[in-house]
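Here are some friendly notes to read alongside the structure. Please keep it open as you go through the points.

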Amino acid sequence: MHKVLKGFALTAMAVAISGAVQAQETPKPGGEVIVTYQNDVATLDPAIGYDWQNWSMIKSLFDGLMDYEPGTTNLVPDLAERYEISDDGMTYTFHLREGVTFHNGREMTAADVKYSLERTINPQTQSPGAGFFSSIVGFDAVSSGDATTLSGVTTPDDYTVEITLSAPDATFLHLMALNFASVVPKEAVEEWGRDFGKHPVGTGAFKLDDWALGQRLTFVKNEDYYRDGIPYIDQIDFEIGQEPNVALLRLQRGEVDIAGDGIPPAQFLQSRQDPEFQKLMVIGDQLHTGYMTLNVTIPPLDNLKVRQAINMAINKERIVRVINGRAAPTNQPLPPAMPGYDSDYEGLSYDVEQARALLEEAGYGDGFETELYVMNTDPQPRIAQAIQQDLSQIGVQAEIKSLAQANVIAAGGEQSQAPMIWSGGMAWIADFPDPSNFWGPILGCEGAVPGGWNWAWYCNEELDARAEEANAMVEPDQREERARIWGEIFTTAMDDAPWVPIFNEKRFTVHSARMGGDDALYVDPVHVPVNYDYIWVK
Amino acid sequence: MAWYIAKRLFYAALILLGVSFITYLLLFLIPADPARQIAGRSATPEVVANIRHQLGLDLPFYEQYLRYLWQLLHGDLGRSYVQRSQVSDLMAARIGPTLQLMAAGIGFELLIGISLGLVAAIKRNSGLDRALMAFSFIGVSSPHFIAAMLALYFFAVKLGWFPLGGYGGIEHLLLPAITLGVLGSGWYSRMVRSSMIEVLHQDFIRTARAKGLTRVRVLLRHVLPNAIIPVIPMIGIDIGIFMSGLVVVESVFGWPGLGQLAWQAIQQVDIPIIVGVTTLSAVAIVLGNLVADLAVLLVDPRIDVKNS
């Protein structure tokens, strides 16, 4: 709690200082903003929405117990005013803010928090996020349909929620900040049933005013929002169905404020070199790593030397050039913005001679034939071709299998199907800013199952055990030690070379000149893509 | 006549059944797993199995198909896997704009196609004729995506005559409709041209001219009505081709129609929407052909359905 208060004080000081230096940069309330997207907004139901387009829209309509400081990955309490963790790390007690109301005027209470979690886990809801909450006591009973209430969530009074876990989990506060843990009012959910996603009612900074299917969504400011003065903007119009190239042309004309889909690959170089355009473009990091999986169960990739040789044969700098510099080359699974990233790690650097020697030692001096699966939308096949050319330098002939996204995912989930998969366009952007999210599903044993996401089929039980230990380190003063252990887990895994980590993608948001607010808000690492609550109009 | 219509309707129903069966079968064979898609990447195998059961995806193919047909007969197209809304709601919101653009697009196709064909037939074998026919050939063979982008670039960005895409008033409608009209007019202009030339050589035309009618009157009163007959069933056939262009043009111009919905659904493997839009398109094509065939009867009483 002290830490949190200190955080607030620092933020307040920072705001005061920057306010004094740049008086014109003070947020100004009011104004209407136009944001464009190409695809329909799938749903605004927080238990269901799971794409980068509706992720921050839902965050603006709903709140959870926890959230992040705008533009950062620092956890702060949101609907919870404060929280306590029991000494064994198994029980979390959240004290709710009083007087927070839903858009329908009713006050939010502890019962709503409990109901919302139960709703997400209930199989009838078909939530893609249900699995995140498996550490709560009673999860299995609700998940299997045997119960509708979570025995691990209790409400001693209207403003207190106690959540008991079956094992200590250092990521639990992050889970409470996921959209899937947003608080929803039972009566509105029951009124709309499965169409709640089209008629969302939350406690968030904005409320949905109108939705013309396939054309436009209008968000208006929630005048009763519990944070004073937030949001700054009065209204956001999301125009749907706009081709990204057309959206950029309209933005340059001043008809659009934020081009939600960013810059299409074909336009990127031209846009980036245009000085007028540079002023409108914000570049940010994202919690993303692009990698090629090497299926450790399919010969000859089951040979460590072969996997190391493939790692050393790939020219990552060139691949980054292939995508016009929209990423930075990397050598480890964790992205740089993630706690635990090891900036001193050297990994398996590009060295074709060494790669050839390793293949020779492994007994594949003449190379071999294999397959590389890739998603079929630009620029992924071009990246696969670059990898293919690099591999042919050491005699490895990779046939490219370019398929629709769902089909590549299906191939990865079958153990004997895909020797190599380029992850671009499918995996892996973190759900929350914690290294554990980069382990379990994609490198841990739990993901190496049919239909799982561990496409390398890498299963190291020793590392899994260490991961479990790290996750049990819940004390705030253990945070640094925990990050260090996680970093080690990933670099140790790279000794077995189940992946070729290739690059960390950057994010590019384009906004009109009249938009104000810190650049970090336009490439917010959690409120993806843009934190609508804190941006403002000059 | 009533018997003829009844027979045609019966065939239409058979065609629709066939189309729905083939679409459903093809999508059934796609290796993507909708249950897994819905369950997300954090799901346990039990959760996936549970969702599969709820959607009836664990049933054998014929049961799934019969269940789909049964619901279809009750007007229920199911729920989208991605959006989770009723497919019928999503389609209903978009059918108006699509019909609007279709009507305007086919209108421009006919206007441009018939006028060009008329001029080319009158000036046949001249330089103008060759230029017009070359133009129609280019129109028919242009890829819709490129042509639509170019139209948008020149007329909306460079010249500023039209708004940059979007939906709304007549100014939003004109550019996509004219683009569709120009691209599709080639079929009509070539057809009108050759059928005009054929009619112009008929004896009754020479008679009409001989008895002193003006050239314009002969063309409009005697040549055109005869030359236009093959165009009418062509419209029915064209609806199918036209729709494929509509999918692309709607996406480029940001027109909130069914084509755009289908385009998105295909990218996301959202099977209920794909099946729904396909079924509706099949209905439109079958109905379009039926209406066109009936319209020919009205225009040309010489056609006898009793003996066909």
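Which exposed residues does the face of H16(A) turned away from its buried side carry?

1. They are Glu461(A), Glu462(A) and Ala465(A). Helices (H or I, at least four residues) and strands (E, at least two) are DSSP runs, numbered from the N terminus.

2. Before you go further, please note that this is a predicted model: local features need pLDDT of at least 70, side-chain atom pairs count only at pLDDT 80 or more, and totals for chains, interfaces and linings use all residues. Residues are numbered from 1 along each chain as its sequence is written, while chains are lettered from A and ligands numbered from 1 in the order in which they are written.

3. Back to helix H16 of chain A (residues 461-471): its buried residues are Leu463(A), Ala467(A), Ala470(A) and Asn471(A). They line one face of the helix, because they fall within an arc of 95 degrees when seen down the axis of H16(A); the arc is that of the directions from the helix axis to the C-beta atoms. Their packing partner is helix H17 (479-495) of chain A.

4. The largest nonpolar core has 227 residues, and Met292(A) and Ile387(A) are among those with the most contacts inside it. H5(B) supplies the largest share of this core, 14 residues. Such a core is a set of buried Ala, Val, Leu, Ile, Met, Phe, Trp, Tyr and Cys residues joined through C-beta atoms within 7 Å.

5. Leaving aside neighbours within four places in sequence, Met292(A) is in contact with residues including Ile387(A), Trp422(A) and Trp499(A). Contact means that the C-beta atoms of two residues, placed from the backbone, lie within 7 Å.

6. Chain B has 13 helices and 0 strands. Of its 308 residues, 39% are buried.

Notes
A residue is buried if 20 or more other C-beta atoms lie within 10 Å of its own, exposed if 12 or fewer, and partly exposed in between; C-beta atoms are placed from the backbone.
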